[in-house]
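Let's take a walk through this protein together. Please keep the sequence and the 3D view side by side as you read.

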Amino acid sequence: MRITPSPVHLFRGWGYPGFPGVSVKRAQRSSVFHSPEEMNVIPTRPLRVDIVTLFPEMLESVVSHSILKRAQEKGLLDVRAVDLRAFTTDRHKMADDSPFGGGAGMVMKPEPLVAAIEYLRPQVSAPRVILTSPRGAVYNQRRAEEFARESHLILLCGRYEGVDERVRAFITDDLSIGDYVLSGGELAALNVLDSVARLIPGVLGKEESAAEDSFTTGLLEHPHYTRPADFRGMTVPEVLLSGHHANVERWRREQSLRLTREHRPDLFASAPLTEADRRLLAQWDEENFGF
Ligand SMILES: C[S@@+](CC[C@H](N)C(=O)[O-])C[C@H]1O[C@@H](n2cnc3c(N)ncnc32)[C@H](O)[C@@H]1O
């Protein structure tokens, strides 16, 4: 199935032009950069994201809604769900096999995964080839920012007991989304896709800016309120109704500092605090705890 011109390109069933054995023309892209800093922030986009999976349809709904959909429509993101079975060469399209040494569960064979990597790798330029794996470095906002500066990500989704160890020789990163085990890498890949897409300049509207998001600033974000001003006796902090912009900003910063200190002392310990931040917190402590 290939749904084009839908934003999602599902390659399944159509075969892959150029696979196997035929080389694929490298996409030509050129950009003029005026400084090294610009090279880091101005994307030569669209960012191409290939998600290699045994279950391409699993991705379709997520990538065809909301911000991911808009990012593709704006031409800033090009997401492809790549059917791993298209890279198998046997009659039964086997992508897994039993483990050497015995034991329960199946292991994903190296040949189809590496064939997919080698097919996709030259299509843009110098991709990050990312294996989803509980063993990987735990994903965070810094990593999302790093990936958002790339032009091509290839995300590999494991299933069963995981992938043959030798696949690791063909990757650039292995990445975990947390200390728990998922049944497959698709949800991990979607986590990466979603968090990276919102960081691509132009993807979020002005009102949805990621600049104040939790973690971006090194702190958790302040609380939000909307109408009604009184919900079941719970009222909105007075300052937010005051229309006094500077006081609202001050309150938000104070809440952000307080929440981070309370809920994420690990983040708070390395947060870049200013003198004004320290004064705000000291004042809050005095008003609320009397010290
Ligand atoms: C059932 S898991 C394999 C777990 C493996 N046997 C282990 O104990 O580490 C199957 C696949 O799900 C994905 N996966 C599971 N947990 C993950 C996590 N925390 N982060 C990223 N990917 C994960 C990986 O792609 C993995 O190959």
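Does S66 count as buried or exposed, and how many C-beta neighbours lie inside 10 Å? In this predicted model, S66 has 10 such neighbours, and because a residue with 12 or fewer counts as exposed, S66 is exposed. You will find S66 in helix 3, which spans residues 66-73. Its backbone deserves a look too: the phi of S66 is near 50 degrees, a positive value in a residue other than glycine.

For background, most residues other than glycine have a negative phi, and most peptide bonds are trans. Y160 is another non-glycine residue with a positive phi, of about 55 degrees. Look for Y160 in the loop between strand 7 (152-156) and strand 8 (173-176). With 17 other C-beta atoms within 10 Å, Y160 is partly exposed. A peptide bond to inspect is the one from R227 to P228, which is cis, with omega near 5 degrees. P228 sits in the loop between helix 6 and strand 9 (230-231).

Now step back to the whole chain. The protein chain holds 10 helices and 10 strands, and 27% of its 291 residues are buried. Among contacts with a separation of 6 or more, 76% join residues 24 or more positions apart.

Next come two helix pairs. Two packed helices are described by the angle between their axes and the distance between the axes. Helix 5 (residues 141-148) packs with helix 6 (residues 186-197) at about 70 degrees, their axes 9 Å apart. The two are therefore roughly perpendicular to each other. Where they touch, A144, F147 and A148 of helix 5 meet V192, S195 and V196 of helix 6. By class, this contact has 5 nonpolar residues, 1 polar residue and no charged ones.

The second pair is helix 8 (residues 245-263) and helix 10 (residues 275-289), which pack at an angle of about 80 degrees with axes 10 Å apart. That makes helix 8 roughly perpendicular to helix 10. From helix 8, R253, E254, L257 and R258 meet D277, L280, L281 and W284 of helix 10. The contact of helix 8 with helix 10 has 4 nonpolar and 4 charged residues, with no polar ones.

Finally, turn to the ligand. Of the 19 residues around the ligand, T132, G158, G162, G185 and A188 come nearest. Strand 6 (residues 128-138) gives the most to this shell, with 3 residues. By class, the shell divides into 8 nonpolar, 9 polar and 2 charged residues.

Key: Residues numbered from 1 in each chain as written. Predicted model: local features only at pLDDT ≥ 70, side-chain atom pairs only at ≥ 80, totals over all residues. Axes fitted to C-alpha atoms, helices over the stretch in contact; angles between N-to-C directions. Helix = DSSP H or I, 4+ residues; strand = E, 2+ residues; numbered from the N terminus. Parallel < 35°, antiparallel > 145°, perpendicular 65-115°, else oblique. Contact = placed C-beta atoms within 7 Å. Nonpolar A, V, L, I, M, F, W, Y, C, P; charged D, E, K, R; others polar. Near = placed C-beta within 6 Å. Buried ≥ 20, exposed ≤ 12 C-beta atoms within 10 Å, placed from the backbone.
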